[in-house]
Each structure stands twice: as structure tokens, then as C-alpha cells.
Amino acid sequence: MNLELLQTTLDEMGEPPFRSKQVWEWAARGAGSYEEMTNLPETLRGALSELVPFSALSVEHEALASDGTEKALFHTTDGRPLETVLMRYRGSKHSASVPNPSGGRRSLCLSSQSGCPLTCTFCATGTMAFGRNLTASEILDQALHFRRKEPVDHAVFMGMGEPLLNLDNVLTACRRLPDIGIHPSSTTISTVGWIPGIDRLTEHDGATIRLALSLHAPDDALRSELMPVNDRFPLADVLDACRRWHDSRKRKVYVEYLMLDGVNDRYEQAVQLAGLLEPRTAFKVNLIPYNPTDSQFEGSSREAIAAFRDTLEERGVPTTVRLTRGHDIHAACGQLAVSR
Ligand code: SAH
């Protein structure tokens, strides 16, 4: 829902100031239409249905994977594509704050841009044309789409785009996510290492949102090959910015490291990575099995990933291996381009 349009429309209709809050509260709790907003006068509900589209996004395609992961392809009103993924986890990761009949975590993977201007060689989004930054309402509408299906409690900005290139809109959206059930401490912004954005997150006065860094290589030469943005913001500077964020926010930075066969998965590279992350208190590593895209890379074997993890752990770096989900619908990390 375009919240600015909602506000100006209500103002023009001479409605009292609390109306927009009422509408937002219904939407944030998963209402599917203005008709459901029973504390709004009926004529107003009718007028809003005409004047303010219920969502700023149209659903173009939906897909459900065998593991329960669901992907939606949306278009903005000016026809820009973007994708959002809901990951449904069964079992123990119970979140007490949001009632959820099946008990598992519900995590949204949100897009911050349509396409991405960066050109990371392993990522499918990098190969599509960059469209534009998404507005705060377009970011929230991704969450509301899934909230209408069921409660959600986590969000990661790991869909399309580089969130720190659209930080104002991302932060505006984050301020409203708690109303939908997603707290700042359950929200993660993932970045290629865009230092000005990391510095802003270090300094901003709002609640702390978690930070993830897509690192993917333990030295500048390889990282620049994989992620051209590294030429602009080299590794040592990016890690320093992350340490400043850690010092101010008192949270560990999640380091994401994609496992590419024969490229960045050797023993020496694990040793080098462990060295880079000293003092290790600021970081936690998440090794990411590579999801196939049309790129030239192959994913590392399960054994290579386990060995890499052991090397890091032996050196005191806490390391986990990410479960990949949504494979069969191309909803896994790095597979979000708009072909189906
Ligand atoms: N631009 C931000 C957020 C989007 S990418 C960033 O780069 O962090 C979200 C995560 O997906 C990143 O860690 C990215 O490196 C990872 N990713 C990209 N392509 C992938 C692929 N093919 N397989 C697995 N993970 C991938």
C-alpha cells in the first residue's frame, strides 16, 4: 500500500488524523482488503478501494517448493520486476512473540531494489538489468503479501539488490516491520560491503538491525574478481567498518562465504580467512553452499564445506553451514532473476 498516497487521500477527504493508523494496523495484521476494516465507515472503505490500491505490487507469479519455501514474483506499478521468498522452518526455532500454529520460524527474504547495479559474477540478480530502488511501501508490501497468508517473524534483506544503496527506504520500511511481527533483532541487512552504508548503520539512532557481510574471498585479488565492488571498497577497509559497527552495536557481524569449488574453498584460504577475522569476537561465519545459476562456477562438495568449517572452528571462528532452501523453484540465494 502506498502509504504516502493513503495519507494525502485521507487528508484530502478531510478524514481525522487517526485514520491512516487504523488502516495500517489492519494491513499489518494481515487484512486482505479495505472491506475487512470494520472500524472504518463503509463509504470510506469504498472510496479507498477506488483511490488507493491495496498493494503497490501486483503478483505476477507464485511458486511453492517441496520444502515449503514460497516465492512470489511481483511487478511495481511501473512494471519493474522483483522477487520475495518466504522460508518456512519446522520445529525448534520457536518464536514466542508471534503465535504460529506450526511453531517454526517464518523468514522473509526481501528485495530492496529491482535488479542490482552491482555485478557479482556468481549471482543471478547481477545479470539482469538494474531497474531502480524500491520505495519503503514496495518493501513493506512484500512483507504484507506473505503476512496475509500467515504470521511472519524474521526478515533478511537478501533478495534482489544491495540494501545499503537504498538505505533510507530500507530503514523506513524496517521501522514498520515490528507492526507486522518482525523485530529489528530478527531483521538482517546483508551487504557487499558498501562502507558508507555500514557507517550509517553504526551511527544511526534507531534500534539495531543485524548486519551480514557477503565476503566470499579471503584476499583482495580474488574478491575483486568475484565482486567488482571490491575495487572500490577493499577488504581491509570493509572489515574495519564492520568492526566499528560491532563496537557500537555489540552484535556479531555474520560473514557470508559462498563455497565455490576450486575457487575459494582450499585449506589455505580457510586459514587466511580465519586470520582476517582476528580478533574474532566481532564475527560469525556462515558458509553458503552454492546454488547453481548460469555462471561459470560449481559449488564445493559437502566434504569440502565440512573441512573448511573445521579449519575455521579449530581457529576459534564460530562457523555454521547454511541450509539451502527452495532449490526446485529457483528461490535460493543468488537465483533470484526473473526468468522462471
Ligand atoms: N547485495 C546484498 C544482498 C543480496 S545477496 C549482498 O550481496 O549481501 C544475498 C546473499 O546471497 C549474499 O550473501 C550473496 O552473496 C548470496 N548469493 C548470491 N548468489 C548466490 C548463489 N548463486 N548461491 C548462493 N548464494 C548466493
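This is a predicted model: local features need pLDDT of at least 70, side-chain atom pairs count only at pLDDT 80 or more; totals for chains, interfaces and linings use all residues.

A: Gladly, and one definition comes first: helices (H or I, at least four residues) and strands (E, at least two) are DSSP runs, numbered from the N terminus.

Q: What makes the phi of Lys-250 worth a remark?
A: Most residues other than glycine have a negative phi. Lys-250 is not a glycine, yet its phi is positive, at about 60 degrees.

Q: Where is His-216, and what is its phi?
A: His-216 sits in the loop between strand S9 (210-214) and helix H7 (220-226). Its phi is near 70 degrees, again a positive value in a residue other than glycine.

Q: How do you know whether His-216 is buried or exposed?
A: Buried means under 20% relative accessible area. The value for His-216 is 4%, so this residue is buried.

Q: Why does Lys-71 count as buried?
A: Lys-71 belongs to strand S2 (residues 70-76). Its relative accessibility is 6%, and with the limit at under 20% it therefore counts as buried.

Q: What makes the link between Lys-71 and Glu-83 a polar contact?
A: The distance limit for such a pair of N or O atoms is 3.5 Å. The side chains of Lys-71 and Glu-83 are joined at 3.3 Å, so the pair qualifies.

Q: Why is Arg-243 counted as buried?
A: This residue of helix H8 (residues 235-249) has a relative accessibility of 19%. The limit is under 20%, so Arg-243 counts as buried.

Q: What does Arg-243 reach with its side chain, and which residues is it in contact with?
A: The side chain comes to 2.9 Å from the backbone oxygen of Glu-278. Neighbours within four places in sequence aside, the contacts of Arg-243 are Leu-276, Leu-277, Glu-278, Pro-279 and Phe-283.

Q: What kind of peptide bond joins Glu-278 and Pro-279?
A: Most peptide bonds are trans. The bond from Glu-278 to Pro-279 is cis, with omega about -15 degrees. Pro-279 itself is in the loop between helix H9 (267-276) and S11.

Q: How many cavities of 30 Å³ or more does a search of the whole structure find, and what makes such a space a cavity rather than a pocket?
A: The search finds one. A cavity is a space where a 1.4 Å probe fits but cannot get out, whereas a pocket is open. The largest cavity holds about 480 Å³. It is lined by 31 residues, and Phe-122, Cys-123, Met-158, Gly-159 and Ser-214 are the closest to its centre.

Q: Which strands supply at least two residues of that lining, and how do its residues divide?
A: Strand S8 (187-191), strand S10 (253-259) and strand S11 (283-289) each do. By type, 17 lining residues are nonpolar, eleven are polar and three are charged.

Q: How much space lies in the second largest pocket, and which residues are closest to its centre?
A: About 480 Å³ lies there. Asn-2, Leu-3, Glu-4, Ser-137 and Arg-176 are the closest of its 26 lining residues. H2 gives the largest share of the lining, five residues. The division here is eight nonpolar, nine polar and nine charged.

Q: Which residues of helix H2 are buried, and what do they pack against?
A: In H2 (residues 18-28), the buried ones are Arg-19, Ser-20, Gln-22, Val-23, Trp-24, Ala-27 and Ala-28. They pack against helix H1 (3-12), helix H3 (42-51), helix H4 (136-147) and H5. After H2 comes Gly-30, with a positive phi near 100 degrees.

Q: What makes a set of residues a nonpolar core, and which members of the largest one touch the most others?
A: The members must be buried and joined through side-chain atoms within 4.5 Å. The largest core has 88 residues, and Met-1, Leu-48, Leu-108, Leu-177 and Ile-180 touch the most other members. Helix H5 (residues 167-180) gives the most to this core, seven residues. Beyond four places in sequence, Ile-180 touches residues including Trp-24, Ala-28, Leu-140 and Val-152. A second, separate core has six residues, among them Val-85, Met-87, Met-158 and Ala-212.

Key:
Residues are numbered from 1 along each chain as its sequence is written. Side-chain values use heavy atoms; hydrogens and water are left out. On a 1 Å grid over the protein atoms alone, a cavity is a set of points where a 1.4 Å probe fits but cannot get out, and a pocket is an open set with protein on both sides within 12 Å along at least five of seven lines; lining residues have an atom within 4 Å of a point. Grid points are joined across faces, edges and corners, and a volume is the space filled by probe spheres set on the points. Ala, Val, Leu, Ile, Met, Phe, Trp, Tyr, Cys and Pro count as nonpolar, Asp, Glu, Lys and Arg as charged, and the others, Gly among them, as polar. Buried means under 20% relative accessible area, exposed over 50%, partly exposed in between (1.4 Å probe, protein chains only). Contact means heavy atoms within 4.5 Å. A polar contact is a pair of N or O atoms within 3.5 Å; within protein, one must be able to donate a hydrogen and the other to accept it, and residues adjacent in sequence count only if both atoms are side-chain atoms.
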